[in-house]
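Q: Could you take me through this structure one feature at a time, giving the general idea before the particular case?

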Amino acid sequence: MGANAYFCSMTTAASKESAAGIKPFLKWAGGKTQLLPAIETKVQQLLRSKETIQFVEPFVGSGAVLFFMLRKYGRHIRQATINDVNPVLADCYRTIRYNPQELIKELSALEKDYFTYTSEDDRKAFFLEKRTAFNALAGDAVQKSALLLFLNKTCFNGLYRVNAKGNFNVPFGRYANPTICNAPVILANSEALQKVEILNTDFSEMEALIAPDTFFYLDPPYKPISATSSFNAYAKEGFGDADQERLKAFCDKVNAGGAYFVQSNSDNSDSEGNGFFQELYKGYNIEQVKAKRAINAKGSGRGAVFELLISNDDVLHVNSKP
Ligand SMILES: C[S@@+](CC[C@H](N)C(=O)[O-])C[C@H]1O[C@@H](n2cnc3c(N)ncnc32)[C@H](O)[C@@H]1O
């Protein structure tokens with residue numbers, strides 16, 4: 001093997017390794033790993049007619065779909081924009097993009113301190129101290145992001161929930177040996193995020209990005225299946241039926257602009273297939289997809305549930321016929 005060939009195989013191996021690290025850095029309610037195959041089918045349909053696309057994710061959360069797209073279809077994405085109304089989350093994406101080394105330094109110090117405590121009571125006291133510090137801290141994005149990652153890996157079920165004052169209030173989680181600082185993932189994500197614009201606003205502001213080569217993946221807080229069943233308190237403002245209707249109006253604009261959308265949401269339909277979303281999205285494609293909810297406070301509630309994938313690919317196809 002010549003020197004150049006050796007160099008190439010080394011760089012291919014290195015880039016494969018860093019591509020494998022492009023994945024969510026947070027646990028987040030509603031992670032979409034289960035729905036990826038169905039979403040990928042939609043992306044592939046779009047890529048049959050377009051060499052490159054713009055990817056927009058207005059409710060990014062932990063970014064299961066974003067990181068999947070960057071990992072697998074990165075070279076087909078000419079521009080990507082992500083958004084979340086949660087300012088701490090948006091700042092954490094920015095910190096990973098712009099200051100990964102400082103973040104790793106802060107987070108590994110927290111990890112080291114945490115593991116100096118061996119009893120559960122001491123670890124819990126440390127967790128509560130850092131939770132108070134997180135809620136009180138303003139203005140230092142690197143430190144706040146490190147605390148967010150620390151709390152996310154050590155709190156109950158990786159939830160992010162805030163009270164009426166906007167304070168993070170998830171209790172301590174009992175994990176024997178949590179991975180708190182995953183430096184290779186932070187570095188691989190930092191590299192992948194270099195071409196991603198990170199916004200922190202309401203989803204409706206993404207309207208400016210509607211263009212015919214654009215793929216919007218929409219994963220709003222789900223409409224609860226029953227009054228008590230679902231968790232959607234990501235932000236103190238909540239996300240009610242009026243917001244679901246605002247989102248439908250947004251989807252109509254995406255469709256009218258010739259862009260593509262895929263939205264996941266809960267399946268509230270009755271045995272005859274009638275429901276809130278079937279009514280709201282009449283005329284669009286609605287598929288039922290089997291998904292396994294990872295986050296549910298009651299263990300008995302885990303298991304297969306159906307979710308909806310609402311999209312406009314057929315609608316656009318029909319509209320594009322002469
Ligand atoms: C279901 S989660 C997204 C889950 C994500 N797909 C994942 O893989 O983790 C919904 C996200 O929407 C955000 N959100 C809630 N209301 C919003 C709004 N009006 N505009 C933009 N984002 C919002 C929440 O902060 C939350 O992170």
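A: The protein has 11 helices and seven strands, where helices (H or I, at least four residues) and strands (E, at least two) are DSSP runs numbered from the N terminus. This is a predicted model, in which local features need pLDDT of at least 70 and side-chain atom pairs count only at pLDDT 80 or more, while totals for chains, interfaces and linings use all residues. Residues are numbered from 1 along each chain as its sequence is written.

Q: What share of the 322 residues counts as buried?

A: A residue is buried if 20 or more other C-beta atoms, placed from the backbone, lie within 10 Å of its own, exposed if 12 or fewer do, and partly exposed in between. Of the 322 residues of the protein, 34% count as buried. As for contacts, which require C-beta atoms within 7 Å, those with a separation of 6 or more come to 75% from residues 24 or more positions apart.

Q: How is a pair of packed helices read, and at what angle do the axes of helix 5 and helix 8 cross?

A: Two packed helices are described by the distance between their axes and by the angle between them. Axes here are lines fitted to C-alpha atoms, for helices over the stretch in contact, and angles run from 0 to 180 degrees between N-to-C directions. The axes of helix 5 (residues 100-116) and helix 8 (residues 183-192) come within 10 Å and cross at roughly 160°, which means that helix 5 is roughly antiparallel to helix 8. Angles under 35 degrees count as roughly parallel, over 145 as roughly antiparallel, 65 to 115 as roughly perpendicular and the rest as oblique. In this contact, Pro-100, Leu-103 and Ile-104 of helix 5 meet Ala-183, Ile-186, Leu-187 and Ser-190 of helix 8. These residues divide into six nonpolar, one polar and no charged, with Ala, Val, Leu, Ile, Met, Phe, Trp, Tyr, Cys and Pro counted as nonpolar, Asp, Glu, Lys and Arg as charged, and the others, Gly among them, as polar.

Q: How does helix 5 lie relative to helix 7?

A: The axes of helix 5 and helix 7 (residues 141-154) come within 9 Å and cross at roughly 45°, and therefore helix 5 is oblique to helix 7. The contact of helix 5 with helix 7 divides into eight nonpolar, three polar and two charged residues; among those on helix 5 are Glu-102, Leu-103 and Tyr-114.

Q: Which elements cover the buried residues of helix 3?

A: Helix 3 (residues 64-73) is mostly covered, with seven of its 10 residues buried, namely Ala-64, Val-65, Leu-66, Phe-67, Phe-68, Met-69 and Leu-70. Their cover includes helix 2 (36-49), strand 1 (53-57), strand 2 (77-83), helix 8 and strand 4.

Q: Is Phe-216 buried or exposed?

A: Phe-216, found in strand 4 (residues 214-218), is buried because 24 other C-beta atoms lie within 10 Å. Leaving aside neighbours within four places in sequence, Phe-216 is in contact with Val-56, Pro-58, Val-254, Ala-259, Tyr-260 and Phe-261. Phe-216 and Tyr-260 are 44 residues apart in sequence, and their C-alpha atoms are 6.1 Å apart in space.

Q: Where is Asn-157 found, and what is its phi?

A: Asn-157 is found in the loop between helix 7 and helix 8, and its phi is near 60°, a positive value in a residue other than glycine. Asn-157 is partly exposed, because 15 other C-beta atoms lie within 10 Å.

Methods
Two residues are in contact if their C-beta atoms, placed from the backbone, lie within 7 Å.
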